[in-house]
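Here is my note on the model, point by point. Please read it with the structure open.

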Amino acid sequence: MPKSIEEKRAAKAAYQREWTKRNPEKWQAIANKARKKWRATNFERDCEINRSLRYIVRREVLDLLGGQKCAHCGYDADWRALQIDHIHGGGSKDSKTSGGNTNLWAMRNWLKKNPDGWQGTYQVLCANCNRIKVFENGEHSAGYTVSKRMEIGER
Ligand SMILES: [Zn+2]
């Protein structure tokens, strides 16, 4: 009995799934090439997708760090004003998360593997609290004493 078009399609799809499983390297090469080609012709769209992915991951990281809320003042009105703070400073040189708190993807994966590992190392702060903390702890590199005096109005 001849197969229907649907049956043929299903059989072909099943065969392709099987093939990609058996040939992961070859499949990767094909997929990468297709992705590259798509990116080249859909540059704007690709940027947009990356941006929204970044936002999703960022919110996920905030959730993993105890929630989308400032640990200092409790601000939670807009997640875009929330920042990931390295409690003892030096966020860019953190070996634990392999990439520090600038690589959100690495950080998310690390947090998923170490759901409590961030305690005492990271916290979620709103932009205001984070900025104030930077000044109070002298976490920026140069001209700290001068700018601190100016900030708080001492003459
Ligand atoms: Zn705050």
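**Notes on the predicted model**

1. Start with the contact between two helices. On the α3 side, the residues are Arg54, Val57, Arg58, Glu60, Val61 and Leu64. They meet Leu104, Trp105, Met107, Arg108 and Leu111 of α4. Keep in mind that this is a predicted model.

2. Now the geometry of that pair. Helix α3 covers residues 43-64, and its axis comes within 9 Å of the axis of α4. The two axes cross at roughly 35°. The crossing of α3 and α4 is left-handed. As background, an α-helix has 3.6 residues a turn, so residues three or four places apart point the same way.

3. Step back to the whole chain. It holds six helices and two strands. From the N terminus on, the order is α-α-α-β-α-β-α-α. Of the 155 residues in the protein chain, 11% are buried. Among contacts with a separation of 6 or more, 56% are between residues 24 or more positions apart.

4. Which residues have the most contacts inside the largest nonpolar core? They are Val61, Leu65, Cys70, Ile84, Val124, Leu125 and Cys126, in a core of 13 residues. Two or more residues each come from β1 (82-86), α4 (104-113) and β2 (122-126). β2 gives the most, with four residues.

5. Leaving aside residues up to four places away in sequence, Val124 touches Leu62, Leu65, Gly66, Gly67, Lys69, Cys70, Ala71, Leu82 and Ile84.

6. Is β2 enclosed or in the open? Five of its five residues are buried, so β2 is largely enclosed by the rest of the structure. In a regular strand the side chains alternate between the two faces of the sheet. Both faces of β2 are covered. Tyr122, Val124 and Cys126 are buried on one side, and Gln123 and Leu125 are buried on the other.

7. The strand pairing is simple to state. β1 and β2 run antiparallel and pair over five bridges. Leu82 stands opposite Cys126 in β2.

8. The helices α1 and α2 give another picture. Helix α1 covers residues 5-22, and α2 covers residues 24-41. The number of buried residues in α2 is zero out of 18, so α2 lies largely in the open. α1 is hardly covered either: its count of buried residues is zero among 18.

9. Check the lengths of these helices. At 1.5 Å a residue, the 18 residues of α1 should span 26 Å, and its end C-alpha atoms are 26 Å apart, which agrees.

10. Look next at Asn103, in the loop between β1 and α4. Why is Asn103 classed as partly exposed? It has 14 other C-beta atoms within 10 Å, and partly exposed means a count between the limits of 12 or fewer for exposed and 20 or more for buried. The C-alpha atoms of Asn103 and Arg58 are separated by 9.9 Å, although these residues are 45 residues apart along the chain.

11. Last, Gly120, in the loop between α4 and β2. Gly120 is exposed, because it has 9 other C-beta atoms within 10 Å. Gly120 and His86 are 34 residues apart in sequence and 8.9 Å apart in space, C-alpha to C-alpha.

Definitions and conventions
Residues are numbered from 1 along each chain as its sequence is written. This is a predicted model: local features need pLDDT of at least 70, side-chain atom pairs count only at pLDDT 80 or more; totals for chains, interfaces and linings use all residues. A nonpolar core is a set of buried Ala, Val, Leu, Ile, Met, Phe, Trp, Tyr and Cys residues joined through C-beta atoms within 7 Å. Two residues are in contact if their C-beta atoms, placed from the backbone, lie within 7 Å. The expected span of a helix is 1.5 Å times one less than its number of residues. Two strands pair if DSSP finds at least two bridges between them. Axes are lines fitted to C-alpha atoms, for helices over the stretch in contact, and angles run from 0 to 180 degrees between N-to-C directions. A crossing is left-handed if the near helix is turned anticlockwise from the far one by less than a right angle, and right-handed if clockwise.
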